[in-house]
Amino acid sequence: MTGLRELQRRRVHEALSTAAITLFLERGFDEVSVAEIAAAAGVSKPTLFKYFATKEDLVLHRICNHLGESARVVRGRAEGERPVEALCRHFLDGLSRHDPITGLNDDPEVMAYHRMVFSEAPSLLGRLHQHMARDEEALAEALAETADELAARLLAAQVVATQRVLARRNWQLLADGRPMAEVEPEAVRAAGQGFAMLFA
């Protein structure tokens, strides 16, 4: 019974997110009400808020699915591998898969999604920074298992900032009309340069 309940919960969660993002991309984040999203997904407004605490979270949950990922990479790294090496490798793997979280994905819906987050709704950026702060804290805790607390916090902040700058740069290059074939090798070089700075 628990399995069926969890499956139903995931279906509703996905239906709400899909309805929200579809409406937001069609009309703009600020032009769509939470009530409209609930109706499009076939649930009540109170039910929607059981799944998503804020309107912004209806958009950002796709990014939030990656929260804690850097901490997991650090904890799961190979013996003898330094944390920054593991994090760089993980980011490069994401680039090779064109993972949207790296910004290196030219699918029109992904491009529109990033444009909405980065350029069209200030409240989305504000909420995103709150989530990123939680991600930074989780990474700092993982790094502190093998380093002193101050060093761990400083490195975590630098890693999160590096990932953010690289991803936004990749998206911006694609948004400016550069073809993926040109942007991808440049993104790989930039990632190597960015993470190399963290070894200093």
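## Helix 9 and its ends

The expected span of a helix is 1.5 Å times one less than its number of residues. In this predicted model, helix 9 covers residues 149-175, a total of 27 residues. From its first C-alpha to its last, helix 9 reaches 39 Å, close to the expected 39 Å.

Both ends of helix 9 have a local feature to record. At the start, a side-chain oxygen of D148 lies within 3.2 Å of the backbone nitrogen of L150. Just after the helix, G177 adopts a positive phi of about 100 degrees.

## The crossing of helices 4 and 7

Helix 4 comprises residues 55-64 and helix 7 comprises residues 108-120. Their axes come within 11 Å and cross at roughly 115 degrees. Because angles of 65 to 115 degrees count as roughly perpendicular, helix 4 and helix 7 are therefore described as roughly perpendicular to each other. The crossing of helix 4 past helix 7 is left-handed.

Residues from both helices meet at this crossing. Helix 4 contributes V59, L60, R62 and I63, and these meet E109, Y113, M116 and V117 of helix 7.

## Residue A196

A196 belongs to helix 10, which covers residues 180-196.

A196 and F52 are 144 residues apart along the chain, and their C-alpha atoms are separated by 38 Å.

Terms used. Residues are numbered from 1 along each chain as its sequence is written. This is a predicted model: local features need pLDDT of at least 70, side-chain atom pairs count only at pLDDT 80 or more; totals for chains, interfaces and linings use all residues. Side-chain values use heavy atoms; hydrogens and water are left out. Helices (H or I, at least four residues) and strands (E, at least two) are DSSP runs, numbered from the N terminus. A polar contact is a pair of N or O atoms within 3.5 Å; within protein, one must be able to donate a hydrogen and the other to accept it, and residues adjacent in sequence count only if both atoms are side-chain atoms. Axes are lines fitted to C-alpha atoms, for helices over the stretch in contact, and angles run from 0 to 180 degrees between N-to-C directions. Angles under 35 degrees count as roughly parallel, over 145 as roughly antiparallel, 65 to 115 as roughly perpendicular and the rest as oblique. A crossing is left-handed if the near helix is turned anticlockwise from the far one by less than a right angle, and right-handed if clockwise. Contact means heavy atoms within 4.5 Å.
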